[in-house]
Amino acid sequence: MNNMIVKRVDLMGDTIMAAKDDNGNIWVGINSFCQGLNMNKQQRDWQVKKVQEDKTLSKGCREFSAGVFDINNEAYALRLDFIPIWLAKISITDKMEQEHPELADKLLQYQLKAKDVLAEAF
């Protein structure tokens, strides 16, 4: 992991932190993604926990040392091919659409476009 290429990727006006490792895998910071969706700290922490505990998603998750995705803290990231699975598991509910229509719309756009935008950045 000595030659990681770290980038700030524009995703629909949001900055998402991503990195490409020596093996060509692209990793995306979970917290960074959640911030793009305007999730608060509790929601972001919940998403990281859900990813770590999910039988499928945990296979594409790893912890990175401070300085890769967050200058001061260790951070968890998902491999790019797991991003659509994770985003699909975040349900756009009727309640979300009614109470937070902008979040519901942004989440839908992330679900449809994020993987391609992030892959294209590298």
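**Close-up 1. Met12 in the loop between β1 and β2.** Met12 is partly exposed, with a relative accessible area of 36%, where partly exposed denotes the range between buried (under 20% relative accessible area) and exposed (over 50%), computed with a 1.4 Å probe on protein chains only. The residue belongs to the loop that joins β1 (5-11) to β2 (14-20), the strands (E, at least two residues) and helices (H or I, at least four residues) being DSSP runs numbered from the N terminus. Although Met12 is not a glycine, its phi is positive, at about 55 degrees. The model shown here and in the other views is predicted, so that local features need pLDDT of at least 70 and side-chain atom pairs count only at pLDDT 80 or more, while totals for chains, interfaces and linings use all residues. Residues are numbered from 1 along each chain as its sequence is written, and side-chain values use heavy atoms, with hydrogens and water left out.

**Close-up 2. Asn38 in the loop between α1 and α2.** Asn38, a residue other than glycine, has a positive phi near 65 degrees, and its place in the chain is the loop between α1 (30-36) and α2 (41-53). With a relative accessible area of 62%, Asn38 is exposed.

**Close-up 3. The salt bridge between Lys41 and Asp45 in helix α2****.** The side chains of Lys41 and Asp45 meet at 2.8 Å, N to O, in a salt bridge, a term that requires a side-chain nitrogen of Lys or Arg within 4 Å of a carboxyl oxygen of Asp or Glu. Both residues lie in α2, 4 residues apart, which is about one turn of the helix. Lys41 is exposed at 53% relative accessibility, whereas Asp45 is partly exposed at 40%. The structure holds 5 salt bridges.

**Close-up 4. The salt bridge between Lys89 and Asp54****.** The closest N and O atoms of Lys89 and Asp54 are 2.7 Å apart in this salt bridge. The pair links distant parts of the chain, 35 residues apart, with Lys89 in the loop between α3 (83-88) and α4 (94-99) and Asp54 in the loop between α2 and β4 (61-64). Lys89 is partly exposed, with a relative accessible area of 39%, while Asp54 is buried, with a value of 16%.

**Close-up 5. The salt bridge between Arg79 and Asp81****.** Arg79 pairs with Asp81 in a salt bridge whose closest N and O atoms are 2.8 Å apart. Arg79 is partly exposed at a relative accessible area of 24%, and Asp81 is partly exposed at 40%.
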